[in-house]
Amino acid sequence: MSVLTEISGWVVKARVDEPLGLREVVYVGSDQLIGEVVALDHSIATIQVYEETEGLAPGDRVIASGAPLVVELGPGLLGEVFDGVQRPLGALAARDGDFIRAGTRLPPLDRDKLWPFEPAVAIGDDVTIGAELGLVQETGAIAHPILAPVSGRIHSIAGRGSYRVADVVARVDGHDVTMLQTSRARVPRPVAERLPLAHPLITGQRVLDTFFPLARGAPACMPGGFGTGKTVTQHQLCRWADADIIIFVGCGERGNEITQLLRELPDLVDPRTGRHLRERTILIANTSNMPVSAREGSIFTGVTIGEYYRDLGFHVLLLADSISRWAEALREISGRLEEMPAEEGYPPYLSSALAAFFERAGSVRTLGGREGSLSIIAAISPPAGDITEPVTRHAQRFVQTFWTLDRHLAAARVFPAVSMRDSYSDIPAGVMRWWESQIDPQWHSKRGTAMAFLEDAARDEEMARLVGSESLPDRERFVLRLAEVFQEGFLQQSAYDEVDACCAPARQRDLLDLFLATYKRGLELIGEGKPADAIVSLPLFANLQRVKSAKTLPAISDVEKELAAC
Amino acid sequence: MLTMASIERVGVDELRGSIAVVEAIPGVGYREEVEVIGAHGESLPGRVLAVTESVAVVEIFAPTDGLRLDSSRIRFRGHPLRFGVGPELLGRVLDGAGRPLDGLPPPPAAEMRPITGSAINPTRRAYPRDFLETGISSIDALDSVVLGQKIPIFSESGLPHDALAMQIVRQVRAPGVEKFAIVFAALGLPRETTRRYLDDFDASGARSRLVVFLNHADDPAAERVITPRCALTAAEYLAFDLGYHVVVILNDITNYGEALREISAARGEVPSRKGYPGYLYSDLASLFERAGRIAGRPGSLTQIPIVTLPSGDMSHPIPDLTGYVTEGQIVLDRELARRGVYPPVSILPSLSRLMTDGIGAGRTREDHADVAKQLYAALARVERARSLAAIIGTDELTEIERTYIVFGERFEREMLAQASDERRSIAETLTIGWRLLSILPRSELTRIRDEFIARYAS
């Protein structure tokens, strides 16, 4: 019998008398708390317990499970809320009440629920691994294929009808196939090949899509101090990003934020499918007051579910808020294990751990020959908003898209508070080709003109700060004022405005065109000797600030006409 | 597990500060409550910090001077640290470990509850969106608080956060809410300060709806760590069992953080930023996340903790990590205080994350959100105009910049400043907002819908 010998926080030690594996799941104490073996030394195992350890005593039993930490996969994940070790929070609340009890457990997927199954193969067919055996309408928006786990002949296949997740629906080459499978949380799922990034992940947020686009299958990070609107921005992405499946991992953040998402998602309708957004969303909620070690696990639970839907041929977006809390959980675990700390107390393997997470993003050809992608957007909460801290610095090395949120913009209530100066995106050629072929052949140069204009304006603003804007020449005054209007009328986007909350690429182009036309014609007028004040006091300037909320945008010719009449 | 009744051991192996090391008894559990009995029969509360097969490490929440190795007895209670809750807590003054300080017998306990509490299942939370009126214009208009929110006051030594907290205690109300209760926990406050609080509670007649916990500056640091947990256990009972709308004021979180650091160092843990333990964030979260509302239950638990920024530094680990857990912050500013503005709330760095859904038609007033947005935008312009004026002089400013300077001055005098006994309704506050916005040319009001301008601009 294995027994506990030492308890201090949620890292405990046990003397084991049976062979245990590293990373094997064990059940600790009479409540059978979930734990994972993190170190082995002769007969002493060090165990990270995923729940509150209050009350555990030396001598309490430890039971080996014989298996590593796995995630349950199958129909029934969509629309659900899980904690960091994939306990179904809705079902737990129904059984246990309003508070989470230590040691409480239910299978992640409801074993009794019936799913409508539509077979896609017949007995005697030969299938290859990853082939579709049948289809389950998981939600109104998502049809969930059941794939062959191996290649071979179909020995049996269930008829059209309703089945439980654990029912055998097919037999392939001697293997029983159910709708339910498990996958190791900490190991990436295999794919046939990684594909080049060729499609943008449209977020509906102008400052991101136009200036710092993210490719489908790419990772991004979003550092921002508290109060810079990280969470609101993440919620906006959760609502509007152009992905089939959204996984939101609330990792060590606020409980009320999860509640807010839960409250809003059923009300919001996906502009593409006309279905409720809840039907394509999975929430992993390990709030800041839930056990820290489960917080560490929540990221892996989320990313494994993401890979699963990717392998079914979907485009998946995983939002993690925030990986700083995850890194801090790593630090706590490392501290409890008395490992040698590196910078700021983080373990020396922080960088590899971050890489292992971000590298699970990708656009892939699956084993079954489908195309799917998993994009990752990770919020970072740098201490004191200082982005030179270890988590941000290491994350930067593994992502090409970096959205910095700026405290000054946030204080002026400019949201999303994405800094134009400190953000960047190394845009894959395929993504630029998409914009040019689908939206505007001139996109590359238009975007470049806008960036150069903003850079100019930033320089002028510094000058204005020294000498006052009154003393600036007309050209600079015009640029400065237009930049202000551009910030309010283009970069800033209200999450609460019905029209403006999500802006489609074509509308982003049209809006940008209005500003670029004003910029170009305005500069010409200045060149002709018109005073800047006369131009910027046109009603056009006030209109440009508000036009983003209008259902239809004015024509460029109207803008040019107004300027010409100046 | 903790099924056994009390067991006792005579003699301690090691004593250091508030930490005692005892030879373990089989069955003693992690975090179990203990009672240490000194040579003269004095009883000191404590709990198990760590336990192995051979020893139990115990922290003691009372002064340990005079304890001896041989004569001390340790009684293991067989359950985690608990606090007795009951309806008669209201009106009582208790010490930092929950024992009476008001000369009355202990309040009768309807139930003993573990002070660490349990996490609310996120799917059972109700989203907080009922406006809580403090009667203070700057907070109600621009950092509106809702029932069930957690929003700290970031202050500095010498700023009037105590006066502000007292004013909030006196004035707080919400539309249609009858059952209001306040739980006030002093964490390491000087006795002079807590006396002023008690006097104010008495003078205003608020005492009967208050539960007060006092851990003074010279009380043991170990006790400071359990005080807020006792207070929150009481508050949860009042809110979620009895249906009160409870406002909890924890004052001061900085002292709490210091206590945590002191204990962490005594345990020899690997320190993180500035010597604070690596689990500071999770520990603070375990307090602040106890705020909220629960679906289907009538009450709410709102937290307004006070954090005095060490040397005014908002990036210090305690305010920084607090800000990451709480739903916004109310920032007090020394410069405003020097100019004689009370309460010196600095609007731009202040923020209420739950404001958007808690205001508007049917909650405060339909124009509230637009007015607030326009005021933020205007204040951002004021700040820019002021920093420009500091370099080039007011004379060189444009006309609109000068208008903003005037706006800024009048905003401080008319909106921010108010007497400590002045309660302004949200309607009065919004009227002041419109009066101030009328200083600006119409073309500057880009954040307010035209219909509201037509309806409310005088």
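How many helices and how many strands does chain A have? Chain A has 16 helices and 26 strands, where helices (H or I, at least four residues) and strands (E, at least two) are DSSP runs, numbered from the N terminus. Please note that this is a predicted model, in which local features need pLDDT of at least 70 and side-chain atom pairs count only at pLDDT 80 or more, whereas totals for chains, interfaces and linings use all residues. Residues are numbered from 1 along each chain as its sequence is written, with chains lettered from A and ligands numbered from 1 in the order in which they are written.

I begin with the overall dimensions. With a radius of gyration of 27 Å, close to the 24 Å that the globule rule gives for 566 residues, chain A is as compact as a globular protein of that length. The radius is taken over C-alpha atoms, and the globule rule is 2.2 Å times the number of residues to the power 0.38. Along the principal axes, the C-alpha atoms of chain A fill a box of roughly 90 × 60 × 40 Å.

One is an open sheet of four strands in chain A, ordered E12-E11-E9-E14 with antiparallel pairing; two strands pair if DSSP finds at least two bridges between them. E12 (143–147) and E14 (161–163) of chain A stand at the edges with a single partner strand each, so one side of each has no neighbour in the sheet. On average, neighbouring strands of this sheet are turned by 40 degrees against each other, direction ignored. Strand E9 (residues 115–119) of chain A runs antiparallel to E14(A) and is joined to it by three bridges; A:Phe117 stands opposite A:Gly161 in E14(A).

The other is an open sheet of four strands in chain A with the order E10-E13-E15-E16, again with antiparallel pairing. Its edges are E10 (126–127) and E16 (175–178) of chain A, each with a single partner strand, so one side of each is left without a neighbour in the sheet. Two bridges link E10(A) with E13(A) in the antiparallel sense, and A:Asp126 has A:Arg153 in E13(A) as its bridge partner. Strand E13 (residues 152–157) and strand E15 (residues 168–172) of chain A pair over three bridges, also antiparallel. Within E15(A), A:Val172 is the bridge partner of A:Ile154, and A:Ala170 stands opposite A:Ile157.

Next, a helix pair. Helix H12 (residues 474–491) and helix H15 (residues 539–546) of chain A pack at about 30 degrees, with axes 7 Å apart. Axes are lines fitted to C-alpha atoms, for helices over the stretch in contact, and angles run from 0 to 180 degrees between N-to-C directions. The contact is made by A:Arg481, A:Val485, A:Glu488 and A:Gly489 of H12(A) and by A:Phe541, A:Leu544 and A:Gln545 of H15(A).

Finally, the interface. Which chain do 62 residues of chain A contact? They are in contact with 60 residues of chain B, contact meaning that C-beta atoms, placed from the backbone, lie within 7 Å. Elements that each supply at least two residues of this side of chain A include strand E1 (2–8), helix H11 (443–467) and H15. The largest share, seven residues, comes from H4(A). Two bridges also join E1(A) to strand E5 (residues 43–52) of chain B, which run antiparallel; there, A:Ile7 has B:Val51 as its bridge partner.

Definitions and conventions
Two residues are in contact if their C-beta atoms, placed from the backbone, lie within 7 Å.
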